Amino acid sequence: MSPHIVLRVGAKVLIPVILLFALYIQFHGEYSPGGGFQAGIIFAAALVLYTLIFGLDAVQRAVPPAAVHLLSACGALLYIGVGVWAMFAGGNFLEYKVLAADPHLGETMGIILIELGVGITVGAVVISLFYSFAGRTREQEN
Amino acid sequence: MIEHLPALQVVLPLLAAPLLLFLVRWPSLAWAFTTAIAWATFLVAALLLEQVWGGAVISYAHGGWEPPWGIEYRVDTVSAFVLLIIAGISAIVMPYARDSVEREVAPNRIAWFYSAFLLANAGLLGIAITGDAFNIFVFFEISAIASYALIAMGRDRRALLSSFNYLIMGTIGTTFLLIGIGFMYMMTGTLNLADLAERLPEVRDTTTIRAAFAFIAVGVSLKLALFPLHLWLPNAYTYAPSMVTVFLSATATKVAIYVLLRFFYSVFGAEFSFGELPMDHVLMPLALLGILLPSIVAIFQDDVKRMLAYSSVAQVGYIILGISFATTLGLTASMLHLFNHAITKAALFMALGAIVYQIGGTQLTRMAGIARDMPWTMAAFVIGGLSLIGVPLTAGFITKWYLLLAALDSGYWPIAVFLLASSLLAVIYIWRVVEVAYFRERPADAPVVSEAPLALLLPTWTLALASILFGIYTALPVGAASRAATILMGGY
Amino acid sequence: MWIRNLFAATMLMGIFSLLAASLYVLLDAVDVALTEAAVGAGVSIILMLGALVLTTSKEKVHDAKHNLLALVVVLITGGALIYGTMDMPNFADPQAPAHQHVAPRYVQDSVEEIGIPNMVTSVLASYRGLDTLGEVLVIFSAGVAVLLLLGTGTYRRRPRPPRNRLK
Amino acid sequence: MEWLGLYNYWVVVVLMMVGFYIVIAQGNLIKKIVGLNIFQTSVFIFYISLSKLDGGTAPIYVEGITTYSNPLPHVLILTAIVVGVALTAVGLALAVRIHEEYGSIEEDEIQAQDEEDARNA
């Protein structure tokens with residue numbers, strides 16, 4: 001545990017802002033640069049920062065590795081799921097137009113959903129990569 | 001659902017791979033699920049081949065965006081044939097995998113292992129089915145990343161370094177491919193293969209297109225282990241887990257060859273590749289050297305798995321030789337060898353996997369007299385070996401026969417002699433194994449072993465019998481191969 | 001290349017990425033710049049540092065025996081690339097074929113067809129949605145691969161077997 | 001003037017070759033990965049520079065602007081960057097495991113150990 005009060009308070013102020021920023025990047029990607037991929041990475045960066053200051057155990061208690069792995073699968077499944085949904089709705093794979101009565105609405109909905117899938121998978125995988133590498137370090141030290 | 005078959009071909013394994021992460025606690029359930037998916041994929045591939053058998057071309061526009069704006073899946077006889085090989089091998093290898101993987105991989109990693117296997121499988125299928133140049137790159141990387149992990153799961157620590165070397169070589173290969181695709185895009189403004197084929201003739205006299213051709217040729221050659229760019233292959237195949245060796249040896253290099261064929265014949269066109277650029281004069285010496293030298297190296301190997309890995313490099317040489325004739329007959333021989341070699345090599349590696357399962361290794365010294373303890377396994381190995389050599393009534397003979405015809409047809413009679421001579425090299429290395437396994441005494445201190453379990457023997461024998469069956473009943477492979485060759489010669 | 005300290009090499013790699021990212025901004029590729037900054041200067045560097053902690057940060061001094069062959073290969077490749085650039089259209093030429101065939105539809109019609117102002121997002125998610133699915137699965141397979149290689153990173157509860165073997 | 005229009009590609013080629021040289025000439029596994037990263041990033045710069053248009057702006061629709069840079073290469077490179085980081089992660093994980101097994105990340109030292117194993121076997 002780090003005794004540096006400035007770092008700890010600073011991080012506590014900073015991390016919610018980073019998470020908010022990640023959400024902004026995620027859902028504003030249609031209008032400005034950004035999207036699921038960048039948001040996922042920023043989200044993961046917030047957790048990495050948390051780890052650096054509060055330690056790996058604290059983070060893994062909050063976000064257990066097993067959950068992260070399942071999340072990474074869920075993101076990919078969401079993406080493929082939207083594609084399959086479009087198939088059942090009468091279109092081709094990943095044809096978002098058919099998801100709603102209005103093609104524009106369908107496209108927008110599809111894009112938001114798959115971007116969400118991208119964001120979840122990327123964020124979860126980056127966290128999982130970080131866990132794997134950081135966990136090895138700890139094992140070696142023991 | 002029939003119109004969605006092309007998408008399902010790739011989406012099925014892609015969908016199953018993340019789902020396996022939910023089955024980490026139940027390894028046998030993970031295995032059963034993967035097997036079901038592999039067989040479903042095989043069924044889809046068979047249906048696709050049936051649909052395009054008469055020469056039809058299925059085009060499937062992802063997202064409903066017509067090509068070249070969207071990404072297109074494009075199935076003709078060539079790709080359906082390759083799809084059938086990949087899906088067929090992965091369907092047969094799955095029943096075999098259960099025992100073999102249980103012995104070689106830690107139980108808490110089995111679900112991840114199968115997930116990586118399905119990703120590799122889906123990646124290869126995706127390469128074979130897609131009609132978009134950049135999509136080939138993306139799916140190359142999916143299958144590559146999954147295979148690096150699969151190879152590194154070998155129990156020997158040398159598996160790690162061989163996987164790392166494969167990663168470096170493979171990435172250089174795909175980056176070259178990326179450069180080539182970029183150059184082509186720059187000159188034509190499109191990424192769709194069929195569209196490229198249409199627009200390339202306008203600009204084909206530019207240096208940029210020639211450079212693009214060179215980069216794609218070298219990049220893909222790295223992936224397909226064309227001599228002398230094969231250095232990553234022997235180690236990777238030797239140290240990988242048995243099931244991975246079976247799968248990759250039968251599929252990974254084959255798909256890379258398919259990509260090479262697509263670019264040489266369909267996209268650039270035979271006239272450009274072999275007429276304006278002297279690709280036949282580049283490929284033929286490489287193919288001949290690639291048959292000769294690895295075969296000789298194989299004779300001096302003491303590890304049978306490694307011996308067969310070198311033999312795989314030599315077999316790639318045969319396929320490239322067929323391509324370098326640039327005739328329909330030569331291409332038929334190549335396509336045929338894609339199929340026959342996949343079956344033969346998979347049978348051989350499966351037999352070796354059964355030996356690894358029982359005695360833990362495939363060094364010749366450890367295999368002395370093994371045929372007495374494991375008669376069925378070794379008998380399957382001998383059948384596979386005969387097919388590898390090209391003895392009549394085996395699948396291997398059919399390809400050698402067509403290669404011979406193609407060589408004579410093009411007037412290269414010295415190559416016909418060379419083919420016979422190179423088969424003798426195969427006789428020598430296979431005989432070395434047979435001699436040790438059948439005619440040496442089992443060492444007194446060797447552990448007593450029994451025959452491999454039925455779950456390993458059945459798939460091995462299925463493939464061994466298949467390599468005899470397709471040596472006698474040739475309608476399916478020869479029919480598909482000659483149709484595929486005609487389509488390739490005809491351009492897109 | 002000549003730096004023996006791998007930490008310094010990693011940092012230089014990060015700086016290279018950041019420079020590349022600012023170049024992308026100059027070339028109008030804002031989405032790519034954002035990603036390159038996040039990935040090249042963020043994720044890659046974190047992973048590199050993690051790997052360096054687990055391995056070693058000092059490189060052994062080598063003699064330069066294989067470098068001649070490498071140099072020849074690199075020069076041939078570079079020569080081929082330069083040869084390839086000879087017939088390329090000029091930089092930023094609006095008449096270049098790359099901007100003529102497929103791309104105009106993305107630029108002119110995507111807003112109308114999809115209803116989203118960011119064309120990169122439209123192309124990424126809709127026109128070429130399959131590539132992006134591929135991208136998600138690439139990163140997913142990297143996750144699975146690292147799990148297979150390094151494990152989950154949680155404590156192993158049971159005592160590890162090697163200790164018993166020593167007795 | 002015509003030749004000057006290509007100079008930026010030549011700069012990219014030089015960068016690519018630096019990265020490529022590091023990959024094949026270096027014996028250190030981590031440095032190979034650094035080289036691979038530089039090689040790939042240079043290819044990305046090439047793609048992005050071919051998407052630039054004279055007088056174009058970033059491809060986000062704004063009323064009144066008609067010239068945009070070509071968005072397609074941007075999309076391709078977004079995908080390629082992700083592929084690159086995935087490869088980096090797997091390569092580094094392999095390097096870590098190799099270090100655990102061999103105690104070294106120098107190619108020649110590892111090969112020496114393997115040869116010694118082969119002699120002892």
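This is a predicted model: local features need pLDDT of at least 70, side-chain atom pairs count only at pLDDT 80 or more; totals for chains, interfaces and linings use all residues.
Student: Why are H6(B) and H7(B) called roughly perpendicular to each other?

Tutor: The axes of H6(B), residues 158-188, and H7(B), residues 193-203, come within 10 Å and cross at roughly 75°. Angles of 65 to 115 degrees count as roughly perpendicular, and H6(B) and H7(B) are therefore given that description.

Student: What makes up the contact of H6(B) with H7(B)?

Tutor: From H6(B) come Met184(B), Met187(B) and Thr188(B), which meet Leu196(B), Arg199(B), Leu200(B) and Val203(B) of H7(B). Sorted by class, this contact has five nonpolar residues, one polar residue and one charged residue.

Student: Turning to chain C and chain D, how do you know what area is buried between them, and what kinds of atoms give it?

Tutor: The accessible area that the two parts lose on being put together, summed over both, is about 6700 Å² for chain C and chain D, and carbon and sulfur atoms give 77% of it. The contact takes 70 residues from chain C and 72 residues from chain D.

Student: Which element gives the largest share of the side of chain C that touches chain D?

Tutor: That share, 13 residues, comes from H2(C), and the side as a whole has 49 nonpolar, twelve polar and nine charged residues.

Notes
Residues are numbered from 1 along each chain as its sequence is written. Chains are lettered from A and ligands numbered from 1 in the order in which they are written. Side-chain values use heavy atoms; hydrogens and water are left out. Axes are lines fitted to C-alpha atoms, for helices over the stretch in contact, and angles run from 0 to 180 degrees between N-to-C directions. Helices (H or I, at least four residues) and strands (E, at least two) are DSSP runs, numbered from the N terminus. Angles under 35 degrees count as roughly parallel, over 145 as roughly antiparallel, 65 to 115 as roughly perpendicular and the rest as oblique. Contact means heavy atoms within 4.5 Å. Ala, Val, Leu, Ile, Met, Phe, Trp, Tyr, Cys and Pro count as nonpolar, Asp, Glu, Lys and Arg as charged, and the others, Gly among them, as polar. Buried area is the accessible area (1.4 Å probe) that two parts lose on being put together, summed over both.
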